[in-house]
Amino acid sequence: MTTSLASENRLKRIFRSANIPPVYYFLIFVFLFSGILDQFLADGQIFSNPLIMLNIIVRSVALGIVAVGQTLVLIGASIDLSVAFTISITAVMSSYIMQGKTENVPVAIAGVFLIGIVIGLINGLIITKLRVNPFIATLGTGLIIKGIINASFSNYTGSVPQAFEYFGYGKIGPIPVSIIILFLVVIIGWFILARTKFGAHLYGVGGNSEVARLSGVRTDRVLIGAHVLCSVTAVLSGMFLVSLMRSGAPWVGPNGFYDLNSIAVAVIGGTSLSGGKGDVWGTLAGVLIFGILSTAFNQLGVNPYLKTVFQGLIIVLAVASYTIRSKKEAA
Amino acid sequence: MTASTVSAQGSSTNFNRKFWGWIRRIPPVYPMFLLIFIILGFLNPRGYQTMNGIMTYLRPSSPLAVLAIGEMVVLALGGFDLSVGAMVTFVVLVSSKFLANDPANALPNILMLIGFGVLVGLINGLVVSFLKVPSFITTLGMMMVVRGAALYYVGGAPQGYLTDNFRAFGRNYIQNVPFFTRIPYAFVILIILATIAYFIFHRTNYGRQILAVGDNMRASQLSGVRVKLIRVMTFVFCSVFAVLGGIMIAGTGGVNVTIGEGMEMQAIAACVIGGVLLGGGKGNVINVVFGAFTLQAIVNLLNQLGLPKPYTDAVQGLIIIGVVAYAALSTMKKR
């Protein structure tokens, strides 16, 4: 009896510490609304076909993984506009190193993670040591990476071996591996933010860097760490994309607008652009909203250009749904 | 005050100090622009040491400067406008269909586009002010809406060409001008717009209030600045300038769906090179114009050196980071 009560208490505690963000109501609303529209205007597969549900999440994996990293950076009152090109360089380099051979996979994975860590370090160092505004710093590093890849690769290069495609296409039981990885990344992100000293410091740095510094937080290290983690998530996204596409191309990242979309998704999830506020569960909801929308648009056969229009409108509406109550002026 | 206390003997050192103080106060954009332009002149005397060549260089620089002036006002307020590039795409694509290859449609087209700019700016400003959505997100959404709408209107590809009288603003020169030999229309338009912007931004209360709001929103609100009105006006200003810049770009650029892509980032970069602080509270129209000129000169320099386009991106990124790091570190030392 007592043990079950204790476990129930613990469950409640965990539930409370997860602290469901209001964006989930918006998520449910979007899901029901697009489901009902689908029921009346198309074949109603969103509600009836469980595969579509899975598909919604699979569509969200690439954006979801990098959005978790972006959330960390945004909480630290920074921003990372270089993720799109980090994704590209990962996709290109991993398929270039692998060249379709299974034995090259470990080298490729180690290589791209190293690249990611270096990019994150450079971003963090430019922002903290050279005091460059993060928007400009990562815009600049993004341009640099873009230049490097475009100078070396023009289109599809190399290919990934069958074994590596497991990341994109594999399944454990009925559940795709990619979904499991997405949730693992989200849980790790949650753990880092809610359960570690680093996470607590990151909120402090984002909320008020000067106060955090005076209370003994090594603000520079925390911010650099956040940037490294963000670049690593971008690398993971890139590896997922290359395993889906079977070969890397330099336009993967920018064509998917992963830089601005990951920021949009995090902000929809309640992460503040000025730092100190947010969590990965909100970001996950934001990503799922994007996934539901793109599935619903497909189901309803919406014109692709109107799709962009609606997506833009919904980003603003989603953020407005909670900012409208705030008394502070936005900037 | 110092002049009266210093003896006649010390007046030369006083002059020195004043002189160096004055030198130090020159924004870093000017020496940088001069340096790059001199290097360009050495590499290609015909292109950058003759009036003809300089005017050719000014033609594509002017639209970028117009976009940058618009962006600067929003940045000075502490916001962002990411919809600038999409506006340029909108101008080019919609004109390609709306003109219907008939020169008589040019004027209605321009008026319609400016009207659209006012509308977009109004919506941006109202959403930020009343729905309290951060401008980064508002204008990101607006970027998608504007680009999607333009592509939907033309059906995914440009329809027809742009008439010559519409393209004249960005493309043609005033010929046979004494001393200057020829002056691009675009540069004349830039001078007019920059003068207007300079007057509004540096000589009216509205301009001072923008800087005040960007510096400290709460304080300016408490001292009676109508923040919401200021912000809506600022976004309208930026969007209209984006349309005007877009019309100028339509003259020189090709008619394609990616013409405005990344323009917002270029405009922001030009502002930052011109000494604008992201986060608000600082900005100067003339410095920003030279920021845009510098950015264009950097691109030309890299082309002149024979670097392929990808390296141009990379070096541009390095230079942008370098300039901002220099500015940030030098202000830190002063404290």
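This is a predicted model: local features need pLDDT of at least 70, side-chain atom pairs count only at pLDDT 80 or more; totals for chains, interfaces and linings use all residues.
Chain B holds 16 helices and two strands. Its C-alpha trace spans about 75 × 55 × 40 Å along the principal axes. A compact globule of 335 residues would have a radius of gyration near 20 Å, and chain B, with 21 Å, agrees with this. Of the 335 residues in chain B, 49% are buried. Contacts between residues at least 6 apart in sequence were also examined in chain B, and 78% of them join residues at least 24 apart.

The two chains touch. The contact takes 40 residues from chain A and 44 residues from chain B. On the side of chain A that touches chain B, α7 (134–152), α14 (258–268) and α16 (304–323) of chain A each supply at least two residues. Of the helices, α7(A) gives the most, with 13 residues. The residues on this side of chain A divide into 26 nonpolar, 11 polar and three charged.

Helix α2 of chain A covers residues 23–41. At 1.5 Å a residue, its 19 residues should span 27 Å. The buried residues of α2(A) are of particular interest here. A:Val23, A:Phe26, A:Leu27, A:Val30, A:Phe31, A:Ser34 and A:Asp38 are buried in α2(A). These residues cover an arc of only 135° around the axis, so they lie on the same side of α2(A). An α-helix has 3.6 residues a turn, so residues three or four places apart point the same way. The buried residues of α2(A) pack against α3 (45–48), α14, α15 (280–300) and α16 of chain A. On the other side of α2(A), A:Ile28, A:Phe33 and A:Phe40 are exposed.

A:Phe257 lies in the loop between α13 (252–255) and α14 of chain A. Although A:Phe257 is not a glycine, its phi is positive, about 50°. Most residues other than glycine have a negative phi. A:Phe257 counts as partly exposed because it has 15 C-beta neighbours inside 10 Å.

Helix α7 of chain B has 25 residues, which should span 36 Å at 1.5 Å a residue. The end C-alpha atoms of α7(B) are 36 Å apart, which agrees. Buried residues of α7(B) include B:Ala106, B:Asn109, B:Leu113, B:Gly117 and B:Val120. Also among them are B:Gly121, B:Ile123, B:Asn124 and B:Gly125. The buried residues of α7(B) pack against helices of both chains: α16 of chain A, together with α6 (84–98), α8, α9 (164–171) and α13 (227–252) of chain B.

After α7(B) comes B:Lys132. This residue sits in the loop between α7 (106–130) and α8 (135–154) of chain B. The phi of B:Lys132 is near 60°, a positive value in a residue other than glycine. B:Lys132 has 20 other C-beta atoms within 10 Å, so it is buried.

The strands of chain B form a hairpin. Strand β1 (residues 173–177) and strand β2 (residues 181–184) of chain B run antiparallel and are joined by three bridges. B:Ile174 has B:Ile183 as its bridge partner in β2(B). Three residues lie between the strands of this hairpin, where B:Phe179 takes a positive phi near 70°.

Helix α12 of chain B (residues 217–222) contains B:Met217. With 21 other C-beta atoms within 10 Å, B:Met217 is buried. Leaving out residues up to four places away in sequence, B:Met217 touches A:Glu329, A:Ala331, B:Gly78 and B:Val227. B:Met217 and B:Gly281 are 64 residues apart along the chain, and their C-alpha atoms are separated by 9.8 Å.

Helix α14 of chain B (residues 263–273) is mostly covered, with 11 of its 11 residues buried. Among them are B:Met263, B:Glu264, B:Met265, B:Gln266 and B:Ala267. B:Cys271, B:Val272 and B:Ile273 are buried in α14(B) as well. Just after α14(B), B:Gly275 takes a positive phi of about 90°.

How values were computed:
Residues are numbered from 1 along each chain as its sequence is written. Chains are lettered from A and ligands numbered from 1 in the order in which they are written. Two residues are in contact if their C-beta atoms, placed from the backbone, lie within 7 Å. Helices (H or I, at least four residues) and strands (E, at least two) are DSSP runs, numbered from the N terminus. Ala, Val, Leu, Ile, Met, Phe, Trp, Tyr, Cys and Pro count as nonpolar, Asp, Glu, Lys and Arg as charged, and the others, Gly among them, as polar. A residue is buried if 20 or more other C-beta atoms lie within 10 Å of its own, exposed if 12 or fewer, and partly exposed in between; C-beta atoms are placed from the backbone. The radius of gyration is taken over C-alpha atoms; the globule rule is 2.2 Å times the number of residues to the power 0.38. The expected span of a helix is 1.5 Å times one less than its number of residues. The arc is that of the directions from the helix axis to the C-beta atoms. Two strands pair if DSSP finds at least two bridges between them.
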